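Please look over the sequence and the model shown here before reading on. The paragraphs after it are meant to be read with both in view.

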Amino acid sequence: MSIEAVAQVDDALLAVESGRGAVVIAERSGVLGRGAITDYTVAESRRRGITVAHGRATRADRAAPLSTLVATLSGSDATRGAAADLGDLDGNRLASLDRLRERLIRLSAERPLVLCLDDFQHADELTALALRVLVPALTSSPILWLLVSRPSLASTAVRGVVEALAASGARRVTIGRLTAAELKRLCEAILGAAPDESVLEVAAGGGGDPLLTEELVHWLHAAGQVEVHERKAKLRADAELLQIPAGVAQKLRARLSDLSEPVLALLETGAVLGKTFTVHEVAGLTQRPATELVGPATEAIEAGVLIPETAGLRFRSELVQKALYSGLDEPVRMALHREAATVVRAEGRDPDEVLDHLVRSGRGSLDESIDLLWEEVRRNAERKPKIAARLVLRMLHLLGDAHPMAEALTVEAVRLLSVTGDGRLAWELAERAVHSAADADTATTMVRTLAELAEPAHDWGGDNAVAEYTRLALARTDLTPVHRAELRAVQAYSLARSDENIALAEQAADDSLAAGSALALGEAIMLGSAAKGLTALRQGDFARSLTLTRAAVQAADRIGPRAQQRHPRLWLCRPLMALDRFDEVASTLTLARREARYLGTSWSTPTWHHHWARMWAARGSFAEAEADAEAGVRAAREQPAGALLSRLLCLLGEVRTSLGLLDQADANLSEAENLAEGGTGAHVAHLTWRRVLWLWAIEREDEAAEVASGLQAATDPVAFTATGGPLIAPVLVKLALRVDDRSRADQVVRTARALADRNPGVTSTAAAAAHSAGLNEGDLGALTSAAEMHRISGRRPARVLALRDAAELSLSLGDRDRSRTLYDEASRIHKSWSGGQGEPSPVVVAGSAEMIPPVSPARWSHLTETELRVARLVAQGMTNKAVAAHLTLSRHTVDTHVRNTFTKLRVTNRVELALRVIAHEQGRHAAD
């Protein structure tokens, strides 16, 4: 009850105690608000020693003259005699009212009197007329008239007397629901501590009714559902709130007794349907026309019990719904739930609701409805796999492992969970099913699903584990040729992805393709083709890889949504990237994203972000690459996909290295390394490569060369170079030459040349071969040719590196003008993606000589004599090794001097240093 209502009642009681009459008209909008002001007035009056008579009108009163007034006066022993002859209306009614007035004057003279008429909207017409006469005639007597009503249901006579009394000075208050502040104060007063959100949320279930809310909070406290610590009250972690106490439920139902029978019937049926329901659902459940329910529904809304919403009608308070539900006999509830399952399914409700009704209708009904539930699963599996998965898991839980349907349910649950991205649970269920599978069909299905879960987007178990489970399944003696073909396809795909044994993967793929074609097995053809596409990519045969991968995608399209949910179209991105077909990569990713939305496979989001970022980075659009990599990282963090998160962080580290954001790149690479710790295979190799680039960027060239040497020794040179892009070969040559490892440089050049020969017409592979050979042989023409080919391929970072290397070679050959031209061209391209921002990386030259402010004389003065001599020799094109021999210093000492010179002059590479030295020397001679 509001502070205003309390104040009005208190003022009226003070007036009565002072010997004056008073009237309080309390109006409410719904059935739940009643009682609060009446109970307060009664309790407060008795505390003050005031006589109280309380009565409540009912709908039947309108047919019995003066019944409301008689019932009220009969509510107290002190006033019962005053109503002795009011029921005899054969005589003079005015005389009867006059006698009543005199009796009330005498009674109030002895002791102040409070007359409470609750539900006054139902008062009979004669009672209303009587009050219109009595109340003004008793204004000088200490009598408080409390009239509590709902104006929307009041008769004309009642509304007339209310307005007349209000015009004569009656106090008028509106009984509203508790505000948020009032609810908090009420809880704090009962609990003796400030309530947190968990307590307030439950207390709000009282619908704002003060007394109901008070009862509810008292119950929470008494039942030990609330714990208090340091004057903070919160729900216990194990609080049981599914059932409300019988006393609270009974009082709630009593509050609704004012409603008509049709309204109560509608509410009870709605309570079975749930917190939200529609008139059509009630009509279906009660076998009544919906038109007959419009009136009761309107009345329930006016009473404040229901709220109209777009989805239908909602109980204002969940407690009211639970109270009505608990008031139904159990056999009635079970019968209604059984019918409700059919009704809500026909209305298109969530399958979970269908299952809820079946469960509550009894186990026999659930068993009988398995076919219906299976139909619901099939209906939702393609477009709403999350709903279907949830339904299957609940069925599995309810029926138990011993049920004849348990194995089939497990198979479907695993498949759906793998589609929706809940890989952990899917993997656990699949592993259990593989070990306990009673037949070859279940074992094969589970192995196929485990293969899906092992992909990076899911990242559960790994390809090596799948290969082992496949080996165990292939050892079964009950396999049919179909099972064996499908298992060989899974084996081929897992081996191809794991890099463990390409030859064995090829053999398994050939077997699965032969059997798949003979037996018309779409999935065997799909996985066999995909496996061969992967092995062709690692062997550096890019065109063949694309052809085989396209065959896999076409097979998936023929199979339909079930295969498409794996998003095989994304498999095309890697061979298309290797072939420099960036526009096709973009269109493929756009289509894959559209398919993900259609299929409801949000788990694929990090995967296509990863492909977008790789494409942007290859083209030198690093701002876009960083944005997509960051988006992919965010999406992967929301899903249990550690391997994909590691790949995305690895890529983000590479992008930020190229942008010169070296601290951020280091953090990304470190997190990726932690996630990949203990792993093997292509991802770990490429992660190590990104660390090499970072070490090179921070000028720890010797350390970078050492790590690169170990990486080359531990990987297949063709597979590593083929899958890593055209920057790998030239950078490996530069690092090998830095430590005078000519044989390693020669090996890289041969590998790059072989890749180019294997892929005629692929510009980037030809450019990488020319670039590597140009570095190894000091061939300026090969380097400039590589830069031009990368211009054609659209790979700007690779072009920048080739231009920079050509600039350095030109400088060492004494052609300073050409060196400056090449260097400025590299700087111009870099500026197009960086805007001149960030510290440059050695991988992608940043900033031309014209873009960098001249070095002040003061900075030159910071160089030691030895550092100045080293700088001049570097400007002449000498390598660090040659400088060391010329000055009779160690290679390590020269490296240190070069790094110190870079720092003091604020330059980032040898070409820039040479240009600065030349400009400084020219300026010094001019001054002389």
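Predicted model: local features only at pLDDT ≥ 70, side-chain atom pairs only at ≥ 80, totals over all residues.

The chain has 928 residues, and 56% of them are buried. Its secondary structure consists of 49 helices and 11 strands.

The largest nonpolar core holds 121 residues, and Leu267 and Phe315 have the most contacts inside it. The element that gives the most to this core is helix H25, residues 481-498, with 8 residues. Which residues does Leu267 contact, leaving aside its neighbours within four places in sequence? They are Leu259, Ala300, Val305, Leu306, Phe315 and Leu324. There is also a second, separate core of 71 residues, and Leu651, Ala705, Val731 and Ala773 are among its members.

Cysteines come next. A disulfide is a covalent bond between the sulfur atoms of two cysteines. How many disulfides does a search of the whole structure find? The search finds 0. Cys116 counts as buried because its relative accessibility is 1%. Cys187 has a relative accessibility of 0%, so Cys187 counts as buried too.

Among the helices, H2 can be taken as an example. Helix H2 covers residues 36-47, which is 12 residues. From its first C-alpha to its last, H2 reaches 17 Å, close to the 16 Å expected at 1.5 Å a residue. The buried residues in H2 are Ala36, Ile37, Thr38, Thr41, Val42, Glu44 and Ser45. After H2 comes Gly49, with a positive phi near 80 degrees.

A pair of helices shows how two elements meet. Helix H21 spans residues 406-420 and helix H22 spans residues 423-436. Their axes come within 8 Å and cross at roughly 145 degrees. The crossing of H21 and H22 is left-handed. On the H21 side, the contact is made by Glu407, Thr410, Ala413, Val414, Leu417 and Ser418. On the H22 side, Gly423, Leu425, Ala426, Leu429, Ala430, Ala433 and Ser436 take part.

Backbone angles pick out two further residues. Most residues other than glycine have a negative phi. Asp580 is not a glycine, and its phi is positive, near 65 degrees. Asp580 lies in the loop between helix H30 (573-578) and helix H31 (582-599). Thr888 is also not a glycine and has a positive phi of about 55 degrees. The loop that holds Thr888 runs between helix H47 (880-887) and helix H48 (891-905). Thr888 counts as exposed because its relative accessibility is 71%, and exposed means over 50%.

The last stop is a residue inside a helix. Ser827 lies in helix H44, residues 816-834. Ser827 is buried, because its relative accessible area is 1%. How far apart are Ser827 and Val800 in sequence and in space? They are 27 residues apart in sequence and 7.9 Å apart in space, C-alpha to C-alpha.

Key
Residues numbered from 1 in each chain as written. Heavy atoms only, no water. Core = buried A, V, L, I, M, F, W, Y, C linked by side-chain atoms within 4.5 Å. Buried < 20%, exposed > 50% of the residue type's maximum accessible area, 1.4 Å probe, protein only. Helix = DSSP H or I, 4+ residues; strand = E, 2+ residues; numbered from the N terminus. Contact = heavy atoms within 4.5 Å. Disulfide = S-S within 2.5 Å. Expected span 1.5 Å × (residues − 1). Axes fitted to C-alpha atoms, helices over the stretch in contact; angles between N-to-C directions. Left-handed = near helix turned anticlockwise from the far one by under 90°.
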